[in-house]
2 protein chains.
Amino acid sequence: VIPEGYGHLLERPLFAHLATTRPDGRPQSHPMWFVYRDGLLRFTSRSDRPQSRNLRANPVLSLSILDPDEPYRYLGLEAVLEDIEPDPTGSMWYELAARYGLEGVRLDDPSTRVVLVARPTRFWHQ
Amino acid sequence: VIPEGYGHLLERPLFAHLATTRPDGRPQSHPMWFVYRDGLLRFTSRSDRPQSRNLRANPVLSLSILDPDEPYRYLGLEAVLEDIEPDPTGSMWYELAARYGLEGVRLDDPSTRVVLVARPTRFWHQ
């Protein structure tokens, strides 16, 4: 259950910082665009990026999203990867670029684009 | 070596998102205050917080820091924990509260406060 008063942090086009675990156990932090819809988080990445490689090896991820209006509030969550979907047209990249207000940019080569799909399993907040 | 043009992200009072690995290998993301001085990162935490517990088990951490002026730029780094220093007066908390502009707040009970000290070993950027 999303903590009361924190749901707007999943609705707004904020940067989420994604923590993944590398195959050797080291953590890695990456700022990410995201969209949360029908109970699932979606991110755009590429199949050769660390995020994708790490999640193929360890499908658990964590996010932290700061409230830009009250910077001592944040939403944290843990999620489990459900799928890595090929996205060779970059459709999710374009959807997120529009959501985040990045206009007029075209991907040079979307052939390795993927959508990371994850289901939140636990939330915390401050 | 800090990438050219990205050093200001370590100097300014920005939130860093800290990725740590839990003892069972799951990642966890936490927004953190920090200060970077003499080649070392310092954070305030408590000995019973997940950050401290995770770093005692796995001393590698990763940070991502967005450039608030150009949100598609960010600095990423990996660091290795050097020490968890007891800070029973909360001195690092007060130093960071002043750095981040949080005025007039007193800690109720700083007895479990610690300083996480880490040395960056690798940087990346976008």
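**Reading an interface**

Author: Start with one residue: Arg26(B) is partly exposed, at a relative accessible area of 24%. Buried means under 20% relative accessible area, exposed over 50%, and partly exposed in between (1.4 Å probe, protein chains only). This is a predicted model: local features need pLDDT of at least 70, side-chain atom pairs count only at pLDDT 80 or more, and totals for chains, interfaces and linings use all residues. Residues are numbered from 1 along each chain as its sequence is written, chains are lettered from A in the order in which they are written, and side-chain values use heavy atoms, without hydrogens and water.

Reader: Which residue meets Arg26(B) in a salt bridge?

Author: Side chains of opposite charge can pair when their charged atoms come close. The rule here is a side-chain nitrogen of Lys or Arg within 4 Å of a carboxyl oxygen of Asp or Glu. Arg26(B) pairs with Glu78(A), at 3.0 Å from N to O. Glu78(A) lies in strand β6 of chain A and Arg26(B) in a loop of chain B, between β1 (16-21) and β2 (27-32), so the pair joins two chains. Strands are DSSP runs (E, at least two residues), numbered from the N terminus. Glu78(A) is buried, with a relative accessible area of 7%.

Reader: What does Glu78(B) pair with?

Author: Glu78(B) forms a salt bridge with Arg26(A), the closest N and O atoms being 2.9 Å apart. Another joins Glu78(B) to Arg22(A), at 3.8 Å. Both Glu78(B) and Arg22(A) are buried. Arg26(A) also meets Asp24(A), at 2.8 Å. Between chain A and chain B the count is four salt bridges.

Reader: How much area do chain A and chain B bury between them?

Author: The size of an interface is often given as the accessible area lost when the parts come together. Here that is about 2,400 Å², 58% of it on carbon and sulfur atoms. The loss is taken with a 1.4 Å probe and summed over both parts. In chain A, Pro27(A), Ser29(A) and Tyr72(A) lose the most, together 25% of what that side buries.

Definitions and conventions: Buried area = accessible area lost by both parts, 1.4 Å probe. Helix = DSSP H or I, 4+ residues; strand = E, 2+ residues; numbered from the N terminus.
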